[in-house]
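Colleague: Before I use this entry, I should like to examine the terms applied to it. Please set each value against its definition.

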Amino acid sequence: MGMASASASASLSFSSSLLPSPLPHPHDTKTKKHRAQVPNFNLIHCSVTSTNKHTSFSSESAVAAKKRLWKEGEYPGVSETLIPGYRSKRTPIKNVKKKLERKAKAKAWVNTVAETFSDHVLKKQWFQALQVFEMLKEQPFYQPKEGTYMKLLVLLGKSGQPELARKVFNEMVEEGIEPTPELYTALLAAYCRNSLIDEAFATLNQMKTLPNCQPDVYTYSTLIKACVDAMRFELIETLYQDMDERSVTPNTVTQNIVLGGYGKAGMFDQMERVLSGMLETATCKPDVWTMNTILSVFANKGQVDMMERWYEKFRNFGIDPETRTFNILIGAYGKKRMYDKMSSVMEYMRKLQFPWTSSTYNNVIEVFSDMGDAKHMEYTLEQMRAEGMKADTKTFCCLINGYANAGLFHKVISSVRLASKLQIAENVSFYNAVISACIKADDLMEMERVYKRMKEKHCRPDSETFSIMTEAYAKEGMNDKVYALEQEKLQMLSEASGHRQQNI
């Protein structure tokens with residue numbers, strides 16, 4: 001009953017009207033209490049029409065024979081076919097046509113495979129992308145390309161496959177492609193994304209020994225971010241000293257990463273020290289990303305007052321907000337259920353002609369998801385589709401969590417099926433959402449099936465996966481299952497450590 005009343009009191013109203021809907025009037029005594037909690041969002045539906053223009057060509061002009069005008073002293077050429085006894089050595093036209101058709105088919109096949117590979121990369125389907133790539137390498141016309149390997153390295157790094165990224169990198173070198181700083185940085189980023197800091201430092205040291213692969217500011221920034229995420233702040237000063245010795249100047253991106261790290265760790269004095277240094281220097285002035293970084297720190301901590309205070313500071317610095325800035329504010333207000341402010345920001349975006357993005361809608365859907373308000377969650381999704389925006393993995397995670405919170409487990413199943421049909425990337429966050437839904441439904445057998453499918457799909461479980469499953473087993477007194485899961489986690493860490501030592 002509490003959940004139902006909460007969802008009733010915090011519903012978001014959408015309208016397809018082109019005119020903005022006013023916020024609750026302070027003198028409206030009848031609806032003041034109700035509307036104070038009901039945000040009102042307006043969607044502006046835009047239709048884009050396109051016209052197709054066709055150009056017609058005259059078939060007669062295309063085939064018309066040109067009359068040759070001979071100058072004085074010139075003679076027309078003699079056709080070899082008119083010479084008695086001459087036997088043409090030219091290939092018959094039908095054979096030429098067959099060769100051209102074979103070449104066209106081969107070219108079309110190559111284009112199809114390349115498009116399939118790019119499609120898998122775009123959808124973050126690393127296993128399928130590797131399969132297509134291996135098939136492509138077996139063809140006689142295959143030529144190794146740096147860009148293809150770059151795509152694979154980035155994809156594998158983002159998909160939690162650093163060992164495979166190293167394997168692909170080694171194969172690339174064996175095929176004769178000269179490594180570049182960008183390729184090494186992609187490999188280093190694969191280690192960093194998976195918290196393999198030792199391997200990342202080993203890659204950095206390897207780059208230093210190669211004249212044509214010296215680390216640049218992007219290499220150092222990537223490694224600094226890994227140290228920040230791991231709370232290894234002592235390594236940041238070491239990297240800064242290394243950059244100084246090699247005449248690599250930190251840029252605004254580097255400083256923003258450090259700012260965010262200090263903020264997440266609650267080291268606000270250090271954060272303000274870095275920001276003050278940025279204001280004093282001419283090489284890395286604060287930008288809108290700096291603004292977004294600090295606002296995100298306080299938004300994630302639920303410190304709305306500090307977030308608003310820093311927003312005003314950055315506005316006084318002369319930094320203008322962007323769409324992502326407003327999305328941060330919307331998410332923060334939504335989590336604190338400050339729906340009036342959430343509505344005001346969204347209307348302000350419309351007023352300034354800032355587009356509502358997928359992140360904007362995901363923030364709204366997440367609000368209803370946490371409340372278990374399936375009705376308004378679905379309505380927001382419909383409006384999102386009406387504006388031509390596609391749902392992503394974050395959208396489906398929110399839907400699955402929302403239906404589970406509302407006790408609508410049949411809709412959890414339909415959402416999982418729809419995600420598969422739409423080929424939504426099923427990453428670790430997606431599987432964690434489904435596993436959590438199974439636990440809320442008290443269906444541990446289905447939870448185990450989902451976990452098994454997760455591993456079959458080569459999706460590596462993370463600490464959250466083990467945490468929520470261990471808690472579910474412990475709650476039911478299944479100590480043997482808890483022990484087995486802990487052993488599996490240790491084995492996974494041991495295997496990862498073995499791969500790291502081999503690569504080093």
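**Values and cut-offs**

Colleague: Why is K208 called partly exposed?

Modeller: K208 has a relative accessible area of 26%. Buried means under 20%, exposed over 50%, and partly exposed in between, with a 1.4 Å probe and protein chains only; therefore K208 counts as partly exposed. This is a predicted model, in which local features need pLDDT of at least 70 and side-chain atom pairs count only at pLDDT 80 or more, while totals for chains, interfaces and linings use all residues. Residues are numbered from 1 along each chain as its sequence is written, and side-chain values use heavy atoms, with hydrogens and water left out.

Colleague: What makes the contact of K208 with D242 a salt bridge?

Modeller: The closest N and O atoms of K208 and D242 are 2.7 Å apart. A salt bridge requires a side-chain nitrogen of Lys or Arg within 4 Å of a carboxyl oxygen of Asp or Glu, so K208 and D242 form one. The pair links distant parts of the chain, with K208 in helix α9 and D242 in helix α11, 34 residues apart. Helices here are DSSP runs of H or I with at least four residues, and strands are E runs of at least two, numbered from the N terminus.

Colleague: Why does D242 count as buried?

Modeller: Its relative accessibility is 13%, and on that value D242 counts as buried. The other buried residues of α11 include F233, L239 and M243.

Colleague: How do you know that the buried residues of α11 line one face of the helix?

Modeller: Seen down the axis of α11, they fall within an arc of 160 degrees, so they line one face; the arc is that of the directions from the helix axis to the C-beta atoms. On the other side of α11, Q241, D244 and E245 are exposed. Among the elements covering the buried residues are α9, α10 and α12.

Colleague: What separates E134 and K137 along helix α5?

Modeller: They are three residues apart in α5 (residues 126–137), which means a separation of about one helical turn. E134 itself is partly exposed, at 35% relative accessible area.

Colleague: Why is the aromatic pair of F169 and Y184 called tilted?

Modeller: Rings of Phe, Tyr and Trp (its six-membered ring) pair if their centres lie within 6.5 Å; planes under 30 degrees apart count as stacked, over 60 as edge-to-face and the rest as tilted. For F169 and Y184 the centres are 4.8 Å apart and the planes make 55 degrees, a tilted pair. F169 lies in helix α7 and Y184 in helix α8, so the pair ties together parts that are 15 residues apart in sequence. Both F169 and Y184 are buried. W310 and F314 also form a tilted pair, at 5.9 Å centre to centre and 40 degrees between the planes. W310 is buried at 4% relative accessible area, and F314 counts as buried at 0%.

Colleague: Over which residues does pLDDT stay under 50?

Modeller: It does so over residues 1–91, pLDDT being the predictor's confidence in each residue, from 0 to 100. Where pLDDT is low, the predicted coordinates should not be read in detail. The mean pLDDT of the protein is 81, and 76% of its residues reach 70 or more.

Conventions. Contact means heavy atoms within 4.5 Å.
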